[in-house]
Amino acid sequence: MLEQKVEAQVKKTLKEIGLSKKDRILVALSGGKDSSVTAYLLKKFGYNIEGFHIDLKIGSYSEKCFKTIQELCNLLQIKLHTYDIKKQMGNSMCYLRSAIQSKQQGNKLRNCAICGVIKKWIMNKEARKLKAKMIATGHNLDDEAQTFLMNIFKGSPKLSSNIGIKTKNIADKKFVTRIKPLFYVLEEDVRKYSKNKKLPVVYEPCPCALNSYRIEIRKFLNKISEKEKRKIVKNSEKMIKKIKKQEKEISYCSMCGEPSRNKICKMCEIIKK
Ligand code: AMP
Ligand code: ZN
């Protein structure tokens, strides 16, 4: 039952995205259940995938994630590309994050917010180098409902423009489209599916995910029913369509040259402060 439900939801999403089996898709693998299930299902359905992992060098946690991903890629017989943050950027995520936070005054950006911006910047740049057609992430229905509510509570619904099964189709050679095959799947169903299939997964949370706003919102959202969660996501999509229409065109960051809607991209903005 659960298996059919999850697989039907993912097939529906892939159909809506219009993914071709010839397209080379890079699956962003963290070692967690969501991205592992994403890779497993795309492979099962016959898509042309390769794995991409950013080794954040967060001590033994990162070592465990890396081993688990290698196991998954062996099992699925897919190629794995790894980006070593220490080698490429000179330091571990923990160090980079503390350096950024120590320069900030007043309300400091929380750990997951900084890590998220850096990961997205790396993902786009590396996927482009690898000439991937798209990047698939493990975001599920709960993640999307959380993002939408977080941005409403923060008074910045415009930040929700990345919600949706696919990032806006931007005809920009520097921007690699991101897709979310688990968009219609509940987090709890992803967990159960990964356990039923006995997939190699690290179930413990990242040790740096402390005092994250998302965790507070997750607790709140876990009190409502599946039906209500689906309504939040469905209604957010309508609102986001309007927001997307008003969005500025993509241009390039004046500091790093990566695609950005503003003069300076989010990555350079947090680093320069
Ligand atoms: P998070 O930002 O941790 O909520 O993760 C969201 C999605 O980003 C995951 O489902 C993965 O697809 C991807 N992701 C997270 N961490 C990594 C990582 N270290 N390397 C590659 N992809 C990642
Ligand atoms: Zn930049």
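Predicted model: local features only at pLDDT ≥ 70, side-chain atom pairs only at ≥ 80, totals over all residues.
Residues are numbered from 1 along each chain as written, and chains are lettered from A and ligands numbered from 1 in written order. Local features need pLDDT of at least 70, side-chain atom pairs count only at pLDDT 80 or more, totals for chains, interfaces and linings use all residues, and side-chain values use heavy atoms, without hydrogens and water.

Q: Which residue in β5 is the bridge partner of Ala136?
A: Strand β4 (residues 134-136) pairs with β5 in the parallel sense over three bridges. In β5, the bridge partner of Ala136 is Ile179.

Q: How many residues surround ligand 1?
A: A residue is near the ligand if one of its heavy atoms lies within 4 Å of it. The closest are Ala28, Leu29, Ile54, Lys119 and Gly138. In total, the residues around ligand 1 number 13.

Q: Which strand gives the largest share of the shell around ligand 1?
A: Both β2 (48-55) and α6 (111-129) supply at least two residues of the shell. The largest share, three residues, comes from β2.

Q: How far does a polar side-chain atom of Lys119 lie from an oxygen atom of ligand 1?
A: A polar contact is a pair of N or O atoms within 3.5 Å. A backbone N or O atom of Ala28 lies 2.6 Å from an oxygen atom of ligand 1. For the polar side-chain atom of Lys119, the distance to a ligand oxygen atom is 3.2 Å.

Conventions
Polar contact = N/O pair within 3.5 Å; in protein donor to acceptor, adjacent residues only side chain to side chain. Helix = DSSP H or I, 4+ residues; strand = E, 2+ residues; numbered from the N terminus. Pairing = 2+ DSSP bridges.
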